[in-house]
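Hi there,

Here is the structure I promised to pass on to you. Please open it next to this email and follow along as you read.

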Amino acid sequence: MITPEQREKLRGWFAGRLPDDLFESLAEVTVDREEITVIGRIPAPRLAEDVSTAERDATVQGRIEEFRERTRKTRIAVAREAEHRFDKKVSWGVECDGRRALFTHIAAPVMTRLRQPERQVLDTLIASGVARSRSDALAWCVRLVERHTDDWLTELRESLEHVQRVRSQGPDAEPQEPSADEE
């Protein structure tokens, strides 16, 4: 976990480093132990009002693919600089007309030990065709929990940030210089 200040600095670095014309706006910058994911908004294609859903979806997909190819060199250059600076891989994504698409991103392996009842849950998902493997079934379960417990996870993350702030003020913390208005 990183502190809110570190998260703001990271987002600020990308906001300042990205070319002004790359995205309409910087939608989201997220970070974990392995990866920084940068998601920007791109313009939606102009379509007639009466266009079918299939045509709209295909046009948005085409816009996303065009953006990905056209901006590849720029994104790679920024990613290399960020990877050197922050020691994490950088992944990219876009939002276009309400749709989010992630480009190449890390799928980190996670090892766990499961008891038989837990394995049976995964095996049921496989047998029913919901998942192809235990790994896929476990990822499906994590996405389901994430979708239905967003408020709880947000509160938990905020609590962890509070714990980090308190720890940083402990006896082993670096002494801070007094600000000009404190002197």
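First, some ground rules. This is a predicted model, in which local features need pLDDT of at least 70 and side-chain atom pairs count only at pLDDT 80 or more, while totals for chains, interfaces and linings use all residues. Residues are numbered from 1 along each chain as its sequence is written, and side-chain values use heavy atoms, with hydrogens and water left out.

**Aromatic rings**

The whole structure holds five aromatic pairs. Rings of Phe, Tyr and Trp (its six-membered ring) pair if their centres lie within 6.5 Å; planes under 30 degrees apart are stacked, over 60 edge-to-face, and the rest tilted. The ring centres of tryptophan 13 and phenylalanine 86 are 5.4 Å apart and their planes meet at 85°, so this pair is edge-to-face. It links distant parts of the chain, 73 residues apart: tryptophan 13 sits in helix 1 (residues 4–17) and phenylalanine 86 in helix 3 (residues 72–86). Helices (H or I, at least four residues) and strands (E, at least two) are DSSP runs, numbered from the N terminus.

Tryptophan 13 is buried, at 13% relative accessible area, whereas phenylalanine 86 is partly exposed at 25%. Here buried means under 20% relative accessible area, exposed over 50%, and partly exposed in between (1.4 Å probe, protein chains only).

Phenylalanine 14 and tryptophan 92 also pair edge-to-face, because their planes are at 85°, with centres 6.4 Å apart. Phenylalanine 14 is in helix 1 and tryptophan 92 in strand 3 (residues 89–96), 78 residues apart. Phenylalanine 14 is buried at 0%, and tryptophan 92 is buried at 5%. Together, Trp13, Phe14, Phe86 and Trp92 form one aromatic cluster.

**The largest pocket**

Which residues lie nearest the centre of the largest pocket? They are Asp32, Glu34, Val142, Glu146 and Arg157, out of 39 lining residues. A pocket is an open set of points on a 1 Å grid over the protein atoms alone, where a 1.4 Å probe fits, with protein on both sides within 12 Å along at least five of seven lines; lining residues have an atom within 4 Å of a point.

**A polar contact**

Threonine 71 lies in the loop between helix 2 (53–70) and helix 3. Its side chain joins that of arginine 75 through a polar contact of 2.8 Å (a pair of N or O atoms within 3.5 Å; within protein, one must be able to donate a hydrogen and the other to accept it, and residues adjacent in sequence count only if both atoms are side-chain atoms).

Enjoy exploring!
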